[in-house]
Amino acid sequence: MRPDGAGSSGGAGSPAPDETAAAAASGVLHGAGALRADYAAVDWDASPVGPPGGWSTALRTAASLAFSTSFPVTLLWGPEHVLLYNEAYAALFPAKHPEALGRPCQEVFPEIWDEIGPLMRGVMSGGGAVHMVDQELHLVRRGFTEESYFTYAYSPVTGDGGVVEGVLDLVVETTASVVDARRARLLGQLAELPTRLHDPLGLAALALPVLRTATKDLPLVELVVPGEPERPRDLRLSGPPPEAADSDLVVVDGPAGRTAWLRVPGAGAASSRPLLAVLLSTGLAEDDVYLGFLRQVAAALGNAVAVATAIQAAAARAELRAAQVRRLVGLVRTLQELPGAEEPEALERVTATAASRLLGATGARLVLADGAAEAAATTARGAGIPLQVSHRHLGHLHVDWAPGRALQHLSEEERAVLSVLTSSTAQALDRSSARRAEREATAAVRAIAEELQRSLLTAPPAVDGLEIAVRYSPAAEHAQVGGDWYDAFTTPTGALHLVIGDVTGHDQRAAAAMGQLRNTLRGVAHGGRSTPARVLGELDAALPHLGVTSLATAVLGTLSGADDDGARQLVWSSAGHLPPLLVGAGGPPRLLEEPAELLLGLFPGTPRTDHTTAMPRGATVLLYTDGLVERRGSDLQAGLSWLLEATAALEGAGPEELCDALLEMVGGRVDDDIALVAVRVV
């Protein structure tokens, strides 16, 4: 059996087992994509798993599955847990690849071996699969020990006799979602400060206990509030440096390490506003995301100071208007509601309500960053207020005003409220996008796991005098379960049945319908005494009773026993499928084109026709699905012409070589799944 779930068998002239294993292993490494050269550079003789030619069937099959998915997958093979992985997994650990290939896991990940080593040993010893959610691991991935989080599953891979040979690790990094969630909690706590801060000079006393709970992001934190009473300060954050006076953010090397100094935003001269000092975590990259979060913290403190200053000023004025009080309270309420808004529509409702209550606007709209669509909206409706987090542009907030009132008519206080509302909306929108991306990634991983479970199509049987190869290759542009399938099986009469089919759709319903069609067809054909046309007719008649409403195309062929000269007869029938291809039958490749007959599931009871084709020794028949020949922007006839030219250039190739070569030719241009069945008479 081939590593990709395919197999071959042959009579006279079949390769020796060692040669077959070596060829199969070579085929597996061929599927490594961009890592192919890295795999070729490994000294496999020195690796505990040995050279690819000696790899077990279980290892080759597992490696083929790992290479076939775009999600991070690694194999941890044998007692030494040797690493073999795909491109997506390599991208997670740039500092360790390609040296990690073929090496024991303990050598590659010594920094986390105490956490993951016992889990692997438990799986290898028969303890079953392990599933970890958001596990914290401190990894060296980009030149420093980095705080990281992963959700992953260790699953046993068994070989002959049920012995566990290795561990399959399907992983998704959740660092961003975990870090964003804890930061969102902190920002939510800081959003409550305006309800308790009545004097800006008391900011440090009220805010520092909250800030010092976030030790992973803020290992050390201090606030310098101009004019506040004397109090003990953390001397490890001595300063500030001179540059902090004229800049909103300065990062310097301090006594305790890399330290960020941030001027709290707000009205008034810079020297009159508080300074926030944060010792940067050594486990986090000093990038725009981290520094942008610190700016959000400073902005939240600025919001509290702005609200406290406004309340203090209002208390000093005897003739404070009630509208001002409602505006300040409404701003606090809005800042508390925004973190809980999960989707842009909810954010827009909260912001529109706030703009109406706080600023007298008639409404507000969010226009997300989307190239031409955003530009058109801005042009048609007037200039919006940019929504930005750090240096990232997220879109615009468009506020609607009543006639005679516009942005330029706002008072200084109203402009400050609008600034706080815009900044908080941008932060909430950024958090919402991060949570939505995480949910989408989790759903995609679940879909991939389902595909890996459902797409294990069976290997073909071994039939004397025939070489059989099968392949299944998913489309490049989606990670969904598909409806393409192949099958090859014998019946009690000794006849070999070949099947290729395609259920409409690319979802779980298509996969379920495919499974029902495949199993029902096997059952109908099992007796071996019905012709292909009759089998397809009985299958078509059974579909309504099985609850299958999907349409499907299929070709069913039956190969007779060998004549005295080794030749065989192919009897086949097609239900709206692409024509089989005959190669090496004493002439150029040709399509077995017959008048088209209806798809399965369209009109049960449709009469179907058998066709007979002679297959002398050396002839090969290829059944295929439309993913092999259909291309976006090109007609089907061009694809069939390409197939004829390609197979003519592969004259003399066996089924295995033929399938591999065709898949390599289409490469990454695949718009749909591809299933292949190739049989040669030998």
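Me: What makes residues 1-12 a stretch to be read with caution?

Reply: The confidence score pLDDT runs from 0 to 100, and over residues 1-12 it stays under 50. Where pLDDT is low, predicted coordinates should not be read in detail. The model has 45 contacts beyond four places in sequence for residues 1-12. For the protein chain, the average pLDDT is 86, and 88% of the residues score at least 70.

Me: Why is Val250 called buried?

Reply: A residue counts as buried under 20% relative accessible area. Val250 has a value of 10%, and is therefore buried. Val250 lies in strand β7, residues 249-254.

Me: Which residues does Val250 touch, leaving aside those up to four places away in sequence?

Reply: With contact taken as heavy atoms within 4.5 Å, Val250 touches Glu243, Ala244, Thr259, Ala260 and Trp261.

Me: What makes β10 and β11 edge strands?

Reply: The open sheet has three strands in the order β10-β12-β11, with antiparallel pairing. Both β10 (363-368) and β11 (385-389) pair on one side only, and they are the edge strands. From one strand to the next, the twist averages 30 degrees. Helix α11, residues 344-359, packs on this sheet and touches β10 and β12. The direction of α11 makes about 145 degrees with that of β10.

Me: What makes a set of residues a nonpolar core, and how many residues has the largest one?

Reply: The members must be buried residues of nonpolar kinds, Val and Leu among them, joined through side-chain atoms within 4.5 Å. The largest such core has 47 residues, and Tyr39, Trp77, Leu84, Phe109, Ile116 and Tyr154 have the most contacts inside it. Helix α6 (residues 113-127) gives the most to this core, with six residues. A second, separate core of 35 residues includes Leu193, Leu262, Phe293 and Val305.

Me: Which residues does Tyr154 touch beyond four places in sequence?

Reply: Among them are Leu76, Ile116, Leu119, Met120, Val123 and Asp169.

Conventions:
Residues numbered from 1 in each chain as written. Predicted model: local features only at pLDDT ≥ 70, side-chain atom pairs only at ≥ 80, totals over all residues. Heavy atoms only, no water. pLDDT = per-residue confidence, 0-100. Pairing = 2+ DSSP bridges. Helix = DSSP H or I, 4+ residues; strand = E, 2+ residues; numbered from the N terminus. Axes fitted to C-alpha atoms, helices over the stretch in contact; angles between N-to-C directions. Buried < 20%, exposed > 50% of the residue type's maximum accessible area, 1.4 Å probe, protein only.
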